[in-house]
Amino acid sequence: MAFFIAFLIPFNIYNNQIIVNIQKESDPNIVASVVSLAGTISSIVSMIVLWMVGILNSYLDFWRVEVVLIAAFLTLTLALLIFTGKKASLE
């Protein structure tokens, strides 16, 4: 249960931060549409992650699946932080 919570809390924080960034960068006239699109994409990504958990769980035990997903999430987050940091420094 701890691994599951360790994956969900950062994922929710990450998702909320994306929504905040989208609202900050979007035109006020279309912010509702953009947030709705972001919510739809978030739901699709969540379904894909659950699908991956199901597939990985048939090959690995649940503890290893959680570790793999947490590592993938952290790697993706670090890559995005590095990418956006370089992009911000160029501006």
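**View 1. Ser46 within helix 2.** Ser46 lies in helix 2, where helices are DSSP runs of H or I with at least four residues, strands are runs of E with at least two, and both are numbered from the N terminus. This is a predicted model, in which local features need pLDDT of at least 70 and side-chain atom pairs count only at pLDDT 80 or more, while totals for chains, interfaces and linings use all residues. Residues are numbered from 1 along each chain as its sequence is written, and side-chain values use heavy atoms, with hydrogens and water left out. At 25% relative accessibility, Ser46 counts as partly exposed, the class between buried (under 20% relative accessible area) and exposed (over 50%), with a 1.4 Å probe and protein chains only. Ser46 and Phe11 are separated by 35 residues in sequence, and their C-alpha atoms are 9.8 Å apart in space.

**View 2. Helix 2 along its length.** Helix 2 covers residues 31-59, a run of 29 residues, and its first and last C-alpha atoms are 42 Å apart, close to the 42 Å expected at 1.5 Å a residue; the expected span is 1.5 Å times one less than the number of residues. Its buried residues are Ala38, Ser42, Val49 and Val53.

**View 3. The aromatic pair.** The structure holds one aromatic pair. The ring centres of Phe62 and Trp63 are 6.5 Å apart and the ring planes stand at 65°, so the pair is edge-to-face; rings of Phe, Tyr and Trp (its six-membered ring) pair if their centres lie within 6.5 Å, and planes under 30 degrees apart count as stacked, over 60 as edge-to-face and the rest as tilted. Phe62 is partly exposed at 34% relative accessibility, and Trp63 is partly exposed with a relative accessible area of 48%.

**View 4. The salt bridge.** The structure holds one salt bridge, a term that requires a side-chain nitrogen of Lys or Arg within 4 Å of a carboxyl oxygen of Asp or Glu. The side chains of Arg64 and Asp61 form this salt bridge, with 3.7 Å from N to O. Arg64 counts as exposed at 54% relative accessibility, whereas Asp61 is partly exposed, with a relative accessible area of 37%.

**View 5. The chain as the setting of the close-ups.** The chain has three helices and zero strands, and from the N terminus on its elements run α-α-α. Buried residues make up 14% of its 91 residues. Among contacts (heavy atoms within 4.5 Å) between residues at least 6 apart in sequence, 59% join residues at least 24 apart.
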